Amino acid sequence: MATSLKIDSPLPAFSGEWTGESNFISHAPISEPVNRKLEPLGPHFLAHARRKRHSRTFSEDDRIQASQKVKNVEDEDAGEISEPEDPAMLSRDPKDWKNQDHYAVLGLSKYRYKATDEQIKKAHRRKVLKHHPDKKAAASAGGQQDDSFFKCIQKAMEILSDPVKRRQYDSVDDNADVDPPSKKSKGSFYKQWALVFAAEGRFSKKQPVPRFGNEKSTKEEVDEFYNFFYNFDSWRTFEYLDEDVPDDNENRDQKRHVERKNNAARKKRKSEDIARLRELVDKCLALDPRIKLFKEQEKERRNAKKNAREAEEKRLAEEVAKKAEEDAKRKAEEEAAAKVAREAGKKAKEEAKKAVKKNRRVLKGSVKDNNYFVTGDPSPAAIDNALNDVELIQGKIDPDELAELVTKLNVSTGADAVKAVYVEKAEDLVSKGVAKKEDFKLL
């Protein structure tokens, strides 16, 4: 129980140099003094109270608090970076540090290249608190001290805390690889292979790496993925596996020899890694059901295009055949019509010829029937003159005019009337300039 302490001491007087009373303005009166209880608080008082309560000395309390702090740190970090320790790993020779799994030493096997700097620091702190030689010495009460695994922890921290050294180690960390599934593997094809290529993609200079996708991926996305890994640009250098180069200046030839040997080994490992990745991509490509689906779709597309082309060619051929048939039919109809027209024309010409012959006979008959337009027996000269004039008129007029002339003759009676028809026609021919007046002997 805290107790109150009363201090009987007057307030100090103001200095003689203080002149605040001349220009001091009081806005409110000073409150009356109040008695308050003062209680001791803070970490130092709590430490004092803890020591008094448990009857500890300063050194005893500090040691117990340090142990509790270590336990709290271990409990705090145990959640995300805790994993069981392999007894064989605890007995590793620290000189064989190149072959040790640095992530497993720090308890980060499930994170590996994905582990953050903060996780590495926490894991290192936890391992140091657990395996520090001083702690083991205290626990063994002065027994033999073995700091082999602690040296492994320090070496792992040295490698993983340095970005360059960690990158070199990640370059050869096969424990982060994911084995490809076999043909008989059960489970999702896409999920299993996605894990394989996610692990391989950590070595790519180009980021982000295309996703493996699933059965809903488009052909463009699948082509982009396989093209990326077939042209994979890896940053792996394999320097971590180099043979140690002598540091002394006396063996320069040996140093150059080791350097050349290391460079040749790096190139060989690089070539082997490229071949391994290409073989892996070939295997996945051969098993990928999307590739088979895309090939079937492409085949259907080509067949559809081929069928469309053949259908178009067939349609054009049918159109050509139909047009040829129509042309042949039209030509046959035209020839038939032309033949009918020719026959009709021929018949019309024959009829016209017959009509002309008949009309000519009518003209000659009309002259003969009217005694050649003379009184008494006609002389041979009169007959010739009459017939020549009629033939002249026949030669100068067309069939229509001839038919018209015959029509007029048929309605004319008497020699004078018939002769008048001839005279009228002869004068018409003379007036048109078709015949001359002197050509006519009788008319």
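Predicted model: local features only at pLDDT ≥ 70, side-chain atom pairs only at ≥ 80, totals over all residues.

Modeller: Residues are numbered from 1 along each chain as its sequence is written, and side-chain values use heavy atoms, with hydrogens and water left out.

Colleague: How many helices and strands does the protein have?

Modeller: Helices (H or I, at least four residues) and strands (E, at least two) are DSSP runs, numbered from the N terminus. On that basis the protein has 16 helices and zero strands. Of its 443 residues, 25% are buried, where buried means under 20% relative accessible area, exposed over 50% and partly exposed in between (1.4 Å probe, protein chains only). Contact means heavy atoms within 4.5 Å. Among the contacts with a separation of 6 or more, 68% are between residues 24 or more positions apart.

Colleague: How is the packing of two helices described, and what is the angle between α6 and α8?

Modeller: Two packed helices are described by the angle between their axes and the distance between the axes. Axes are lines fitted to C-alpha atoms, for helices over the stretch in contact, and angles run from 0 to 180 degrees between N-to-C directions. Helix α6 (residues 117-131) packs on helix α8 (residues 148-161) at about 165°, with the axes 10 Å apart. The two helices are therefore roughly antiparallel; angles under 35 degrees count as roughly parallel, over 145 as roughly antiparallel, 65 to 115 as roughly perpendicular and the rest as oblique. Their crossing is left-handed, a term used if the near helix is turned anticlockwise from the far one by less than a right angle, with right-handed used if clockwise.

Colleague: Which residues of α6 and α8 meet?

Modeller: From α6 come I120, K121, H124, K127, V128 and H131, and from α8 come F149, F150, I153, Q154, M157 and L160. By class, this contact has seven nonpolar, three polar and two charged residues. Ala, Val, Leu, Ile, Met, Phe, Trp, Tyr, Cys and Pro count as nonpolar, Asp, Glu, Lys and Arg as charged, and the others, Gly among them, as polar.

Colleague: At what angle do α11 and α13 pack?

Modeller: Helix α11 (residues 219-230) and helix α13 (residues 289-369) pack at about 130°, and their axes are 11 Å apart. That angle makes α11 oblique to α13. The contact joins K219, V222 and Y226 of α11 to R290, I291 and F294 of α13. These residues divide into four nonpolar, no polar and two charged, and α11 passes α13 in a left-handed crossing.

Colleague: How far does α13 reach, and which of its residues are buried?

Modeller: The expected span of a helix is 1.5 Å times one less than its number of residues. With 81 residues, α13 reaches 116 Å from its first C-alpha to its last, close to the expected 120 Å. Its buried residues are R290, I291, F294, V356, N359, L363, S366 and V367. Their cover includes α10 (189-200), α11, α12 (252-287), α14 (380-396), α15 (399-410) and α16 (415-432).

Colleague: What covers the buried residues of α10?

Modeller: The cover includes α11, α12 and α13. The buried residues of α10 are F189, Y190, W193, V196, F197, A199 and E200. In the loop between α9 (163-171) and α10 lies A176, which counts as buried at 10% relative accessibility. Beyond its neighbours within four places in sequence, A176 is in contact with R112, Y113, A199 and R202.

Colleague: Which backbone values deserve attention?

Modeller: Most residues other than glycine have a negative phi, and most peptide bonds are trans. S55, which is not a glycine, has a positive phi of about 55°. S55 is in the loop between α2 (43-54) and α3 (58-81) and counts as exposed at 64% relative accessibility. F238 has a positive phi near 60° and lies in the loop between α11 and α12; F238 is buried, with a relative accessible area of 6%.

Colleague: Where does P208 lie, and what is the peptide bond from Q207 to P208?

Modeller: P208 is in the loop between α10 and α11, and the bond from Q207 to P208 is cis, with omega near 0°.
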